[in-house]
Amino acid sequence: MSDRLPTPGPALPRLRDAFLSAGFTPDGLLELLGAPAYAALSRNETVPALRATRGGGPLETLVRLFLLQRPVPRDRARAALPADEALAEGWLRRDTGADGDCVAATVDVRPYAGPEGRNWWIVSDLGCAVGGAGGIRTAEGAGAADRSHLVLGVGGASTTLAGITVRTPVARALDLGTGSGVQALHATRHAGSVTATDLNPRALRLTRLTLALSGAPEADLREGSLFEPVEGEAPYDLIVSNPPFVISPRAAGGARLTYRDGGMGGDDLCRTLVRESAAHLADGGHCQLLANWRHVEGRDWRERLASWVPDGCDAWIVQREVQDTAQYAELWLRDAGEHLGDPAAYAAHYDAWLEEFEASGTTAVGFGWITLRKSGARHPSVTVEEWPHPVEQPLGEEVRAHFERRDFLRATDDAALLATRFVLADEVVQEQIGRPGADDPEYVVLRQNRGMRRATRVDTVGAGFAGVCDGSLPAGRILDAIAQLLGEDPVGLRDRTPESIRLLVEQGFLLPAGGE
């Protein structure tokens with residue numbers, strides 16, 4: 001990994017124009033490579049893309065240079081981009097290999113689809129747009145580089161966080177641990193000012209390149225750990241972080257990578273970030289991050305995560321996946337490329353990971369999302385749940401609506417609830433489950449086809465209630481009509497139904513439309 005990085009200069013806007021002219025965009029890549037080769041890149045496989053870029057045109061040249069890290073003849077580079085200026089400003093370097101006068105890229109540049117059809121480009125270290133941390137071995141040769149300060153490009157974690165982030169306009173946003181600048185880039189679209197921090201100064205330099213190459217406003221870039229760079233300053237309306245959340249045992253040996261290893265024991269870094277965020281959030285502001293957390297023997301993981309939430313904050317914590325300690329160790333040892341090195345060293349490091357997990361009582365590791373909102377409520381709403389099922393991204397609006405519904409439920413007693421008019425959320429369907437030919441279903445399920453795609457089981461009253469919620473009648477009058485149809489006591493039905501209505505509102509099946 002070379003310390004030299006490009007410098008933003010006069011060539012940069014011309015480079016961006018060349019990318020657009022050649023179609024070096026997400027849509028252009030898909031058209032050139034085809035779906036199988038494009039999908040293979042996301043799996044860190046480059047051979048299909050190499051086969052698809054043998055034509056020598058400008059787009060093929062740019063893909064080989066900036067995504068696949070292959071040298072190209074200098075005359076081909078000149079036909080695709082302002083090569084001489086790119087050499088002068090450090091985007092390219094001369095390559096004097098067996099193929100003669102060639103140039104090679106100094107950084108990865110990956111086309112990235114921004115909102116509203118915008119074309120952006122994420123700049124990262126060589127080998128790290130496709131290939132993960134292990135890709136640096138291919139890009140520069142085994143054992144050739146200090147990989148401890150690698151900066152990765154956009155990946156699944158980046159796009160997940162970008163998708164769940166609340167995108168309402170805000171005055172101030174903070175991207176903590178910015179990496180290559182993906183979250184800061186998104187924040188420039190809806191924040192008046194953006195501050196981006198990172199412990200790794202190389203990451204800040206690459207973030208600057210990402211923003212400049214994508215034509216985004218500059219961000220306030222600051223070096224430092226966690227909230228140290230913004231200590232004592234005005235609070236933020238939005239804090240986002242894809243932090244170094246990997247629970248990498250300190251005694252495990254092997255590669256320590258700044259982008260993933262936070263340097264604290266266990267999941268202390270994620271816990272610290274959550275606990276300290278409240279002091280830096282404006283009233284009503286959101287803090288959203290990805291995290292890993294330990295499952296500790298003898299303790300409910302939900303209770304443990306709930307204990308992280310600071311006073312005065314509502315929280316929604318979603319566990320998306322759980323891995324046992326062996327799976328987890330294998331994942332991150334492979335991420336670091338250690339499986340490609342000395343087998344004895346790999347086995348020793350693997351054993352050290354398992355040893356430390358056992359000593360700490362860690363039985364598994366959870367992956368997921370944490371969202372805090374500074375509500376100032378005396379009785380905050382803290383939801384900790386497991387949801388491994390498919391969801392529909394982007395979820396930012398669903399996250400915002402989750403807390404809005406919590407506010408409504410917290411402020412609404414049962415009498416006010418029954419005086420409220422509700423509407424059924426869009427794309428909710430009803431499924432009847434039972435034996436074929438039976439007169440009545442065994443039970444009824446309401447299912448969302450959008451957002452979290454939840455499903456919930458309801459009784460006859462719940463199904464009938466949801467089916468007529470169009471905002472025209474308050475809940476109490478609907479229940480009175482159902483009681484008359486079923487021959488039930490309307491007072492008893494009114495008494496027992498609010499709990500079910502609250503659950504349907506909480507999960508987003510029903511939306512308040514107003515009072516009587």
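What is the order of the strands in the open sheet of three strands? It runs β18-β14-β19, and the pairing is antiparallel. Before going on, keep in mind that this is a predicted model, where local features need pLDDT of at least 70, side-chain atom pairs count only at pLDDT 80 or more, and totals for chains, interfaces and linings use all residues. Residues are numbered from 1 along each chain as its sequence is written, and side-chain values use heavy atoms, with hydrogens and water left out.

Back to the sheet of three. Strands here are DSSP runs of E with at least two residues, helices are runs of H or I with at least four, and both are numbered from the N terminus. Two strands count as paired if DSSP finds at least two bridges between them. β18 (470-474) and β19 are the edge strands, each pairing on one side only. On average, neighbouring strands are turned by 30° against each other, direction ignored. Look at β14 (residues 420-424): five bridges link it to β19 in the antiparallel sense, and Val 423 sits opposite Leu 511 in β19.

Now find the other open sheet, with eight strands in the order β8-β7-β6-β9-β10-β12-β11-β13 and mixed pairing. β8 (220-223) and β13 (382-386) are at its edges with a single partner strand each, so one side of each has no neighbour in the sheet. From one strand to the next, the twist averages 20°. β11 (residues 313-324) and β13 run parallel, joined by five bridges, and Gln 319 faces Glu 386 in β13.

Next, a pair of helices. α17 (residues 460-467) packs against α18 (residues 475-486) at about 130°, with the axes 10 Å apart. The axes are lines fitted to C-alpha atoms over the stretch in contact, and angles run from 0 to 180 degrees between N-to-C directions. That angle makes α17 oblique to α18 (under 35 degrees is roughly parallel, over 145 roughly antiparallel, 65 to 115 roughly perpendicular, and the rest oblique).

Last stop: the second largest pocket, with about 600 Å³ of space. A pocket is an open set of points on a 1 Å grid over the protein atoms alone, where a 1.4 Å probe fits, with protein on both sides within 12 Å along at least five of seven lines; lining residues have an atom within 4 Å of a point. The volume is the space filled by probe spheres set on the points. Of its 23 lining residues, the closest to the centre are Glu 397, Glu 398, Ala 425, Arg 450 and Gly 451. α15 gives the largest share of the lining, seven residues.
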